[in-house]
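Me: I would like to learn how to read sheets, helix packing and chain contacts in a model. Please take me through some cases.

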Amino acid sequence: MKEKSVQETGAKKSGKWKAVFARSEVTVLLAVVVLSICFAAMSDGFFTAYNLFNISRTASIYVFIALAQGIVCVVGGMNVSLGSMGGLIVVFIGYAMQNLGVGIFPAILIGLGTGVAAGFLNGMIITKLKLNAFVVTLATSFIFAGLVSGISRGYSYTEIADNFDFVGRSGLFGIPMLLIIALITIAFLIYMFRYTTLGRRLLATGGNQEAARMSGINSERMIVTANIMSGLFTAIAALLWVSKAGSAQPSTGSDWMIISFAVTAIGGTALAGGVFNGLGMLFAAFLLVMVKNGLVAINANVYYEETYLGLILLFAVSLESIKAIINAHNRKNRLKKQQLEK
Amino acid sequence: MLELKGIGKSFPGVKALDDITLTFKPGEVHALMGENGAGKSTLMKIITGVYKPDEGQVYLDGSEMHFKNYRDAVDHEISMVSQEIQVISEATVAENIVLDRLDRFGRYGVVNWKKVNETAAQYLGMVGLKLDPTQKIGGLTAAQKQLIQIAKALSCNAKYILLDEPTSSLTGYETKTLLEIVRKLKRDQVGVIFISHKIEEVLEVCDKVSVLRDGKFVGTRDCGNSERSDIVRMMIGRKEDMAHKGFLTVGEEKVLEAKDITVYGQFDHVNMDLRKGEILGLSGLVGSGRTEFVRLLIGIDKMDEGEVYVNGKRAQIHSLQDALDKYRIGYVTENRKEEGLILDNTVGFNLTIGIWKRLASKIHRIQTKEEQRLVGDMIRKMEVKTPDEKTKVSSLSGGNQQKISIGKWLAAQCDILIIDEPTVGVDIGAKEYIHNLIWDLADKEHKSIILISSDMPELISLSRRILVFNDQKIVGEINNLNERELSYAEVSEKIGEYLA
């Protein structure tokens, strides 16, 4: 009992600030701020309106790529197929516009429809055949990748409908349209996970699938829903990518899987499920793009870019463990002190 | 001789073992029995060095032992075959048998496989398995794997072997083979400690049987002159009587009725009904089918045949979601950690999990103010000791976790509540609170309750009708508990008779 009371008073004093800094999105935000200051000090080209506009555009697409991963992580699953899924959607849009001559809106519908269908397929196989999400999406990733090269033969689709690049390339009061869309989506998701039945049920399923089922939640349906949303976000990322690039390249998505896991993990959405951190993912997306961009700006050896990214990711995922080790150490010391006092 | 003297062991809030003194002799098969939570597993772990006792000593042939870990116990010729089958499927039979001692079969880190396979073959012979030692273990049956685990225990040249429910995964024929091996071990002067829930096989193969209850030693009997009923009585016990709670106003109408529930190979046309405002107790030993039966009624597991009626109408229950949303039936699981709670989420989240839909507005927004009020009320009403509603459930004590596990169904305003082992691993204060709560739910709020419990005083003092399960059948009913006050001894005697 004595130990408990000591702990409580100690916690109350510094509790508020500690709680703020313990939040993973705050840690990531700090990292973004520190990095910006460093890069700005080291290079003239970094802190320009043009460069920031560019960083925001890429980061916004990374947000959607990460959401496609994050939403299945929430229910305790994963989607390693989202890269080739993205490639497939891009190819379908490109093919539709170039070879079938469809307009903007049918193309968008085709893109979203493909994403939803692919996600539904993943979700149904995972739940109905009771297979591991990793294995299933690994298999479907090969299926999608094969379709990408089979249909496109590796050629880009350049005859994109006029005005399709409007969203990807324009801005509103100097803020890229892409960023606005990403912010709205994140705001909506934060709301969903906090205030809606669906959001809560997704979290419960990821927290403990069996307990969720035993509390009257159809956890299988939640897993399918999460996979459909994953497909939907992949489709949005793919559409925005085409809009930003102005052409549909079949190589799109080859690095998405890595990016999606990195942003999700750095942003504090547990890969084990049951947690969603929207702001964390937003800041993490910026962090990732800034590292890539900043390294170019300061003329660092870009051949090592992936090593830097890997180190950051490793640091981010080990942060929780490091905290736990430090806490355990402190607790031991405190108990030792108390015992000596006795 | 392997002797335990005054062994005691506590876990936070629970005294798991209290002053246990037992003697195991070579060439003797000694059964250890007791209900769930009686302390058998804890005792096994103390003998094999996995846990250290808080009090008491372990003596081996007269000298006091302080095993540092399981490996240390194995080095002293004590080995254990655990209940779960622990083999490495991708390794060969021989590798599995000598796995932990591979370093002794060779030099400079190079294994002498010929010697390994020869040794393995020798022990396979001892357990009566005609298998190729170089065969992979993957495709073998559960029984063969269990026997290989026993061969592994033998290959340690163990003088004492602990078998923890060795027959639970075996069929009738395989069980016979296993019991034959136990007899052979006895002839070879090995001391066997045999944990089992099956009284028949204990009486068949063991020399002595010792019973534990609530962490205390109840007694030791010679199997030769014991009856099944004696042992059942020792297991369920005549613990302290709980005060009589009075009588309930039970309605005439059947709120839940199960007709001809059948699962091929398990349940054969089992019937049950529950009346309004009643507390119906389900008694029976572990594995008797009491939990399995209710899980069928509320759609957690699937039945092959049978019908369920709620308030006289045929009910379509395909999942717990149906049971909750359509018929207001709640189920407090016996495994609160695995099935009852989202441990890493908050108290509030866990309490309202069943009613988010009801709390949502037309635009599907959960009314958080209403939710907070409800959670606050529930924490106060249930006397949950928690700093606030945002605390993670994992940081609460067992008793408080259990209150939340029950509280979420109260929040959902269930009319029918099925409560499975409500007080396992719960401290005394919370236990008393939960007993009063269950009684008040039926007495004051006219909820209909099915109570499943291994705790006899709890079951008898709360239930006003008791069904006794044995071997997937209802073998008896005690239905006059709501008419006159029967003594605890009378009722437990009757249950014992049905079980025996």
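Me: Which residue stands opposite Leu280(B) in S20(B)?
Reply: Strands of a sheet pair through backbone hydrogen bonds, either parallel or antiparallel. Here Leu280(B) stands opposite Ile450(B) in S20(B). Strand S15 (residues 279–283) and strand S20 (residues 448–452) of chain B run parallel, joined by 4 bridges. Two strands pair if DSSP finds at least two bridges between them. Strands are DSSP runs of E with at least two residues, helices are runs of H or I with at least four, and both are numbered from the N terminus. This is a predicted model: local features need pLDDT of at least 70, side-chain atom pairs count only at pLDDT 80 or more, and totals for chains, interfaces and linings use all residues. Residues are numbered from 1 along each chain as its sequence is written, while chains are lettered from A and ligands numbered from 1 in the order in which they are written.

Me: In what order do the strands of that sheet come, and which are the edge strands?
Reply: The order is S18-S19-S20-S15-S21-S22 in chain B, an open sheet of 6 strands with mixed pairing. From one strand to the next, the twist averages 20°. Helix H18 (residues 488–499) of chain B packs on this sheet and touches S15, strand S21 (465–470) and S22. The direction of H18 makes about 30° with that of S21(B). Axes are lines fitted to C-alpha atoms, for helices over the stretch in contact, and angles run from 0 to 180 degrees between N-to-C directions.

Me: What is the pairing in the open sheet of 4 strands?
Reply: It is antiparallel, in the order S14-S13-S16-S17 (chain B). Strand S14 (267–275) and strand S17 (313–314) each have a single partner strand, so one side of each is left without a neighbour in the sheet. Strand S16 (residues 305–310) is joined to S17(B) by 2 bridges. Tyr309(B) has Arg314(B) as its bridge partner in S17(B). Helix H9 (residues 290–297) of chain B packs on the sheet, touching strand S13 (254–263), S14 and S16.

Me: Now helices. At what angle do H4 and H5 of chain A cross?
Reply: Roughly 150°, and the axes of H4 (residues 82–99) and H5 (residues 104–128) come within 9 Å. H4(A) and H5(A) are therefore roughly antiparallel. The cut-offs are under 35 degrees for roughly parallel, over 145 for roughly antiparallel, 65 to 115 for roughly perpendicular, and oblique for the rest. The crossing is right-handed. Contact residues include Phe92(A) of H4(A) and Ile110(A) of H5(A). Contact means C-beta atoms, placed from the backbone, within 7 Å.

Me: Is the crossing of H3(A) and H11(A) left-handed or right-handed?
Reply: Left-handed. Helix H3 (residues 49–74) and helix H11 (residues 219–245) of chain A pack at about 165°, with axes 8 Å apart. That makes H3(A) roughly antiparallel to H11(A).

Me: How many residues does each chain give to the contact?
Reply: Chain A gives 16 and chain B gives 26. On the side of chain A, the largest share, 4 residues, comes from H9(A).

Definitions and conventions: Left-handed = near helix turned anticlockwise from the far one by under 90°. Contact = placed C-beta atoms within 7 Å.
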